[in-house]
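Here is a brief report on cores and helix packing. Take a look at the model first.

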Amino acid sequence: MLATSSVAQGVAGARAVLFQLRVGGQAAREVDETLPLRCGCVGQETTGSGGLAKALRTVPVVLELAETVRQHAPQAWIVDFTNPVDIVTRALLDAGHRAVGLCNVAIGFQRRFAARLGVDPARVTLDHVGLNHLSWERAVRLDSEDVLAALLRDHGEEIAAEVGLRPGLLRRLGVVPSYYLRYFYAHDAVVREQREAPSRAAEVAAMGKQLLELYADPALVTKPELLTRRGGAFYSEAAVALIASLLGDRGDTQVVNVRNDGTLPFLGQEAVIEVPATVTASGATPLPVPPVEPLYAGLIAHVSGADLPVEEEAPARAFAARGFGADVVVRNDTFAPLRAGASARWGVAVVCDAGINAVGVSPTGDVARFPPLGRLSGDWGGGHGLGEEALCRAVRAEDGRGAPTAPAGLVTAYFGTATVEELVLGLHLGQVDGGRLHELAPGALAAARDGDAVALALVERQAEEVTVLAEVCLWRLRLLETPTEVVLGGGLLTSGDPLLVALLAAGFARRAPRAAPTVADAPPVLGAALLGLDRLGAPPEAGTRLRGEYADLGGPVRRCRPA
């Protein structure tokens, strides 16, 4: 065994390398788990906005480590435990690395089911399907017999408690969802719980301190009981089994994170899924999966995402082929805020969050849209784009190529660097997560309000981009001369920033004076439901009733206000 602080020295000549790291430590996890709660969203480091934030700061570090592995151990397999496993594993595979993702959810279920059945775990196999931390056990086979129904009948209360859901829900579904499905099935209840209790990050940090104190005792020769509360049960066993199969060409079946390659036909080939796979020296090959029920396939496809028409068509064809419905439609998520925010079934929506996108629908059903691929598709702005532009201006102000500007001080103060150049080098070397640049957007808005000329130019450009997108949609749909609602969504456009609001109002007055820009408080999920009713030909009263039902469940009532 070699103890070293050099990654290159540690991996040299290795046949397998395990990645298990937490970029930013528990301090960053604390932000992932608490910041979303301010917006009424689940705070979790692998689910929702917290999971995305973790991925954004983790992927660059993992890819840098993987390049070191490629240089010093080119034939090594990378076994990725680093969360969010599916995103990190896909990044590794997209970069051409020999990688397999691994999680302990499936092996945890297998071991607990075996214990309840009183049998050797080797006799228990699972019909496990989904994405990492978004999976279901649809069958539990003892030898070749499915005993899931018996497990739910005899141990339903215990199993429900383990996954944090009501026993009645498990009986109704007839499957066992992973614990992480409670963040979807019981979202509002989880948010209430999280707001009233310490974060998991705080709990784990405290446990870590206690464990280090225990391990400092040379007399300790058994695993501390406290470690069982830390999480990650059976990780070591799963890792040893996977590595043994990859290096020993055993050809056995294990649940891993692997390329879809047609296994789930409603997802793209390049997606990473979590399913049983045959593991050999050549890697992991997913086994055929029985058709996935619409209730689960819909959520899987939604979480995987669809931006372009071709990405919408593939899952739609697959859903239709499996008989999910007589009429299957998959749409980009920008259509949902349009339907939720507009009083009619048509109009234009511009969403400006991390990125920027727009869609339009005419009264006759014609559609105008753009490929939302960032700079590749000509987009400018959004939170990330605005932050990137602010950084660019700050660099030029510091080195003399540009005019002095408040964003220079904003950048250094926010990221805690002595100079802007120090931050730039940190971003280049992967020491600072580039995904955090969107955090500069509020500061840029504030600097513009305070009269900084450079920041003002950026905010003016952002307002111009929003109004141009809306204008082009209206022009394509021949609605420039028709009074038309333009729904504005996303964090930047719903922030209520007075300067941005004024610039947008002026821009619309100049470019599309017949447009009626509004900011909708209704969530996109309501728009998705309304689109479903539209597709079914439901009368207007059905939509009104749906909005009322949503309000009765605690959701916000749609209130449109002038932009």
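How many residues does the largest nonpolar core have, and which have the most contacts inside it? That core has 67 residues, and Leu267 and Val292 have the most contacts inside it. A nonpolar core is a set of buried Ala, Val, Leu, Ile, Met, Phe, Trp, Tyr and Cys residues joined through side-chain atoms within 4.5 Å. Buried means under 20% relative accessible area, with a 1.4 Å probe and protein chains only.

This is a predicted model: local features need pLDDT of at least 70, side-chain atom pairs count only at pLDDT 80 or more, and totals for chains, interfaces and linings use all residues. Residues are numbered from 1 along each chain as its sequence is written, and side-chain values use heavy atoms, without hydrogens and water.

Leu267 touches Leu131, Asn260, Ile273, Ile300, Ala301 and Ser304, leaving aside residues up to four places away in sequence. Contact means heavy atoms within 4.5 Å. Another core lies apart, with 37 residues, including Ala368 and Leu458.

Now the helix pairs. Helices are DSSP runs (H or I, at least four residues), numbered from the N terminus. Axes are lines fitted to C-alpha atoms over the stretch in contact, and angles run from 0 to 180 degrees between N-to-C directions.

| Pair | Axes come within | Crossing angle |
|---|---|---|
| Helix 15 (residues 382–399) and helix 17 (residues 420–428) | 9 Å | roughly 130° |
| Helix 5 (residues 105–117) and helix 6 (residues 148–163) | 12 Å | roughly 140° |

Nonpolar covers Ala, Val, Leu, Ile, Met, Phe, Trp, Tyr, Cys and Pro; charged covers Asp, Glu, Lys and Arg; the others, Gly among them, are polar.

Between helix 5 and helix 6, the contact includes Phe109 and Arg112 of helix 5 and His155 and Glu158 of helix 6. Its residues divide into 6 nonpolar, 1 polar and 4 charged.

Conventions
Buried < 20%, exposed > 50% of the residue type's maximum accessible area, 1.4 Å probe, protein only. Helix = DSSP H or I, 4+ residues; strand = E, 2+ residues; numbered from the N terminus.
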